[in-house]
Amino acid sequence: MKFGMMSFLETGVSEKSGKIDAQTRIKNAIEEIVLADKVGLNFYGVGEHHRDDYAASSPQIILAAAAAKTKNIRLGSAVTVLSSDDPIRLYEQFSTIDLISNGRAEIMVGRGSFIESFELFGYDLDDYNELFTEKLELLLKAKNEEEIYFKSKFRKDIEGKTAYPRDIYDLKVSIGVGGTYASVVRAAKLGLPIVFAIIGGNPLNFKPLVDLYKHTYEENGHDLDKMEISVAMHGIINEDVDMLNELYYPAYKDHFEKIGQERGWSNNIGLQTYLANTKHGSLIVGDTDHVAKRIYDVINGLGIQRFIYQMPGSVMPHELTMESIELYGSKVVPKVLAMLKK
């Protein structure tokens, strides 16, 4: 069982609930990654976004900076919006990070729940699905084949070219999904690790999709010993739960209500709804005992191999995030492992 964390490098949406500039958030993220490595976490992922409430438009650069400052932790995107990126360039960038880090890099690709990058980089949203399918195929070719031959609908065909530098550590590529049937089946058929992002509802409601992945993975003849299913969930930890909720709730409310307004969701997150979500839903917020029990329930209920804590999930004071990482690695993970052994 592995434990990691991820961040979109949130900068906040309003001065009232907290806001931070991009430079400070990026510098703070490097410190978070160094601490996560120190307390023994397995993974730190940085999510790609191109908007003013997040600071990580280029996870690769941040991860490369962190690679030189860490020793053991795996470093990856979470996710890379592959549909609007260049798969060859992406392979070369992450291959370089893998060489810098001695084999600790990984690419988590997704279709993109945020779509700002499509217009920014000149792609048509009508090609949303086809772009991802084609570019995933090309990324895997760049990774697995020294001479690339590729016929494309969206770019010039490739005839016998090679992406450099070649990675010598078998660069890991996984697929991040939000819960769509087709995305789960695609990852399983390809034998790629999968990451379920759970941002609403009871996490155990994902059990049918997890089982679908396992069944399809096995049905397609992939090595079960290499199967990896991860779950990513929002949260933060502190022994002073009242203080934690007082700070986290307004930032979480403002952040998700903004996204909800953009996407046509219900955008009124009351305090009682928030608190209920921390007890039984997709938010894992609380003291070390509560967080450990909730993470254990997710691992045990879904049968996964890696838990990824999206922390802080909304802009938080840096010192509080650092304390949360310390508690996660030194207190929560040992508690969860002890429960799993019973």
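## Largest pocket

The largest pocket holds about 790 Å³ of space. The model is predicted. Lining this pocket are 43 residues. Gly112, Ser113, Val177, Gly178 and Ala197 lie nearest its centre.

Several elements give two or more residues each to the lining of the largest pocket. The strands are E5 (105-110), E8 (172-177), E9 (194-198) and E10 (229-237). The helices are H4 (116-120), H5 (128-144), H6 (181-190) and H8. Which element gives the largest share of this lining? Helix H8 does, with 4 residues. By class, the lining of the largest pocket has 21 nonpolar, 16 polar and 6 charged residues.

## Second largest pocket

About 480 Å³ of space lies in the second largest pocket. Its lining has 19 residues. Closest to the centre are Asp170, Lys172, Gly191, Pro193 and Lys226.

H5 gives the most, with 3 residues. By class, this lining divides into 8 charged, 7 nonpolar and 4 polar residues.

## Cavity

How many cavities of 30 Å³ or more does a search of the whole structure find? The search finds 1. The volume of the largest cavity is about 40 Å³.

The residues that line the largest cavity come from several stretches of the sequence. Glu10, Thr11, Gly12, Val13 and Ser17 are among them. Asp53 also takes part, as do Ala251, His255, Ser314 and Val315. By class, the lining of the largest cavity has 5 polar, 3 nonpolar and 2 charged residues.

## Aromatic pairs

A search of the whole structure finds 12 aromatic pairs. One of them joins tyrosine 248 and tyrosine 274. Their ring centres are 6.4 Å apart and their planes are at 45°, so the pair is tilted. Tyrosine 248 lies in helix H8 (residues 241-263), while tyrosine 274 lies in helix H9 (residues 271-280). The pair therefore ties together parts that are 26 residues apart in sequence. Are these two tyrosines buried or exposed? Both tyrosine 248 and tyrosine 274 are buried.

Phenylalanine 307 and tyrosine 309 form another pair. Their ring centres are 5.8 Å apart. Their planes are at 65°, so this pair is edge-to-face; the cut-off for that class is over 60 degrees. Phenylalanine 307 counts as buried because its relative accessibility is 0%. Tyrosine 309 also has 0% relative accessibility, so tyrosine 309 counts as buried. The cut-off for buried is under 20%.

## Ring cluster

Which residues do ring pairs link into a cluster? They are Tyr248, Tyr249, Tyr252, Phe256 and Tyr274. The cluster thus includes both members of the tilted pair, Tyr248 and Tyr274.

## Arginines over rings

Two arginines lie over the faces of phenylalanine rings. Arginine 263 lies over the face of phenylalanine 114, at 4.4 Å from the ring centre. Arginine 306 lies over the face of phenylalanine 43, also at 4.4 Å from the ring centre.

Terms used:
Residues are numbered from 1 along each chain as its sequence is written. This is a predicted model: local features need pLDDT of at least 70, side-chain atom pairs count only at pLDDT 80 or more; totals for chains, interfaces and linings use all residues. Side-chain values use heavy atoms; hydrogens and water are left out. On a 1 Å grid over the protein atoms alone, a cavity is a set of points where a 1.4 Å probe fits but cannot get out, and a pocket is an open set with protein on both sides within 12 Å along at least five of seven lines; lining residues have an atom within 4 Å of a point. Grid points are joined across faces, edges and corners, and a volume is the space filled by probe spheres set on the points. Ala, Val, Leu, Ile, Met, Phe, Trp, Tyr, Cys and Pro count as nonpolar, Asp, Glu, Lys and Arg as charged, and the others, Gly among them, as polar. Rings of Phe, Tyr and Trp (its six-membered ring) pair if their centres lie within 6.5 Å; planes under 30 degrees apart count as stacked, over 60 as edge-to-face and the rest as tilted. Buried means under 20% relative accessible area, exposed over 50%, partly exposed in between (1.4 Å probe, protein chains only). A charge sits over a ring if NZ of Lys or CZ of Arg is within 6 Å of the ring centre and within 35 degrees of the ring normal.
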